[in-house]
Amino acid sequence: ARAASGEVAAEPAVTRDGHRIEIAANVGSLEDARAAVRLGAEGVGLLRTEFLYLDRATAPDEEEQLAVYRALLGALEGRPVVVRTLDAGGDKPLPYLPLEPQPNPFLGVRAIRLARRHPELLRVQLRAILRTGYPAVRVMFPMVAAVEEIRWLRGLFEEVRQGLEAAGTGLPRDLQIGMMVEIPSAAVLADRFAPWVDFFSIGTNDLAQYALAADRTNPAVAELADAFHPAVLRLIRMVVEAGHAAGRWVGVCGELAGEPLAAPLLVGLGVDELSMTPVAIPSVKAAIRRWALAEARSLAEQALRLDSASAVRDLVRAATPPVV
Ligand code: PEP
Ligand code: MG
C-alpha cells in the first residue's frame with residue numbers, strides 16, 4: 001500500500017550513488033496534468049498544445065488560450081512546465097490554415113515551418129503563454145532544423161515579451177527558452193544552437209524517424225525508427241556534450257524517456273531530465289534507483305559501440321542489476 005501512496009510516488013529519482021535525475025511528464029490535457037501530479041512528476045517537460053488547435057474551424061484566440069493555460073498550469077502547483085508551441089501541419093492539418101497538399105508531410109511544412117508562414121499564430125500563442133505569469137514557465141520550439149530558425153524565433157519571442165512588458169503585464173519570473181532536438185541537423189550542430197537557448201529537449205520519436213529515414217506512422221517501416229538504435233544514442237550523446245559544454249540542461253521528451261530499459265542509457269549519457277507519459281513515471285524512477293552513475297556510464301559507452309537497437313536492448317537486459 002505504501003508503494004502506491006502519494007508519498008512514495010513523489011520521491012525523487014536518485015541513482016544508488018546519489019545522482020538525481022529530474023522526472024517530468026508529457027501532458028496534452030488538463031486530465032494529463034492532474035495525472036502527472038498524482039504519479040509523482042516534478043514538472044512537465046513537454047506540454048503539447050496541439051489539442052487547442054485541432055478539430056475546429058477557427059484558431060483559438062488569445063483569451064481562450066490564456067484561460068486554458070491558466071487552468072492547466074494551476075493544476076501543476078508551481079512545478080516547472082515546458083510549453084511547446086504548436087506542432088501542427090503536415091499530417092495534422094488545420095482547416096483555417098490551408099496548405100498545398102504535401103507528398104511527404106513529415107518532411108514538409110510542419111510546426112515552426114508553419115509558424116514562419118503565419119507568424120501571427122505564434123505571436124498570439126506566445127502572448128497567451130507569457131500572460132499566464134506562471135513563475136516557472138519555459139517556452140519550447142518544435143522541429144528546429146537550422147540555426148537561422150532559432151534566431152528568428154528568439155527575435156519574435158523578444159518582440160512579444162517587450163510588447164507585454166511595455167504594457168505593464170506581469171511576466172513569468174523564471175522564464176526559459178528552449179528547443180526540441182528532433183532533427184539530426186540540430187543534434188549534429190547542437191554547439192551552434194546552444195548560444196540561442198537555455199535548454200535542449202530531445203524528441204526521440206522524430207529524431208529516430210529522421211535519423212533512420214523511416215516514417216513513424218507507416219507500419220511497414222515504423223519498426224526501423226527505433227530510438228534504442230546506436231545511431232540515435234550517438235546523436236543524444238552529441239546533444240548532451242554540446243549542451244553541457246555551454247552550460248545548458250538537456251532533457252529527453254520522446255517515448256524513449258518513458259522506457260525503463262532506456263533509463264540507465266540516458267542517465268549514463270548524461271541526460272538531466274526525462275519527460276514521459278505520466279503512467280511511466282513510477283517504473284522509470286524505480287529503474288533509475290537500481291543503477292549507480294558509473295555503471296550507467298559504462299553501459300552507455302558499450303551501447304554506443306553496438307550495431308543495432310536489438311543488441312542495445314539485449315545489453316541492458318543482461319546488465320540490469322537485481323532489485324535492491
Ligand atoms: C518527439 O518527436 O519525440 C516528440 C516528443 O514530439 P512529438 O511526439 O509530439 O512529435
Ligand atoms: Mg516530435
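Reader: Which residues of α9 are buried?

Author: This is a predicted model. In it, the buried residues of α9 are T204, D206, L207, A208, Q209, Y210 and A211.

Reader: Why is α9 described as largely enclosed by the rest of the structure?

Author: The description applies because 7 of the 8 residues of α9 are buried.

Reader: What follows α9?

Author: A213 follows α9, and its phi is positive, near 50°.

Reader: Turning to ligand 1, which residues are around it?

Author: The residues around ligand 1 are L46, R48, D87, E182, G203, T204, N205, D206, C253 and G254. Two elements each give two or more residues to this shell, namely β3 (43-48) and α9 (204-211).

Reader: Which element gives the largest share of that shell?

Author: The largest share comes from α9, with 3 residues. Of the residues around the ligand, T204 and D206 are also listed among the buried residues of α9.

Reader: How does the shell around ligand 1 divide by class?

Author: By class, the shell has 4 charged, 4 polar and 2 nonpolar residues.

Reader: Is V124 buried or exposed?

Author: V124 counts as buried, because it has 20 C-beta neighbours inside 10 Å. A residue needs 20 or more such neighbours to be buried.

Reader: Which residues does V124 touch, leaving aside those up to four places away in sequence?

Author: V124 touches D61 and E62.

Reader: What separates V124 from R290?

Author: Their C-alpha atoms are separated by 45 Å, and the two residues are 166 residues apart along the chain.

Reader: How do the axes of α5 and α6 meet?

Author: The axes of α5 and helix α6 (residues 147-166) come within 10 Å and cross at roughly 50°. The two helices are therefore oblique to each other, and α5 passes α6 in a right-handed crossing.

Reader: Which residues make that contact?

Author: From α5, the contact is made by P119, L122, R123, L126, R127, L130 and R131. From α6, the residues are L156, F157, V160, R161 and L164.

Reader: How many of the residues in the contact of α5 with α6 are nonpolar, polar and charged?

Author: The contact of α5 with α6 has 8 nonpolar and 4 charged residues, and no polar ones.

Notes:
Residues numbered from 1 in each chain as written. Chains lettered and ligands numbered in written order. Predicted model: local features only at pLDDT ≥ 70, side-chain atom pairs only at ≥ 80, totals over all residues. Buried ≥ 20, exposed ≤ 12 C-beta atoms within 10 Å, placed from the backbone. Contact = placed C-beta atoms within 7 Å. Near = placed C-beta within 6 Å. Helix = DSSP H or I, 4+ residues; strand = E, 2+ residues; numbered from the N terminus. Nonpolar A, V, L, I, M, F, W, Y, C, P; charged D, E, K, R; others polar. Axes fitted to C-alpha atoms, helices over the stretch in contact; angles between N-to-C directions. Parallel < 35°, antiparallel > 145°, perpendicular 65-115°, else oblique. Left-handed = near helix turned anticlockwise from the far one by under 90°.
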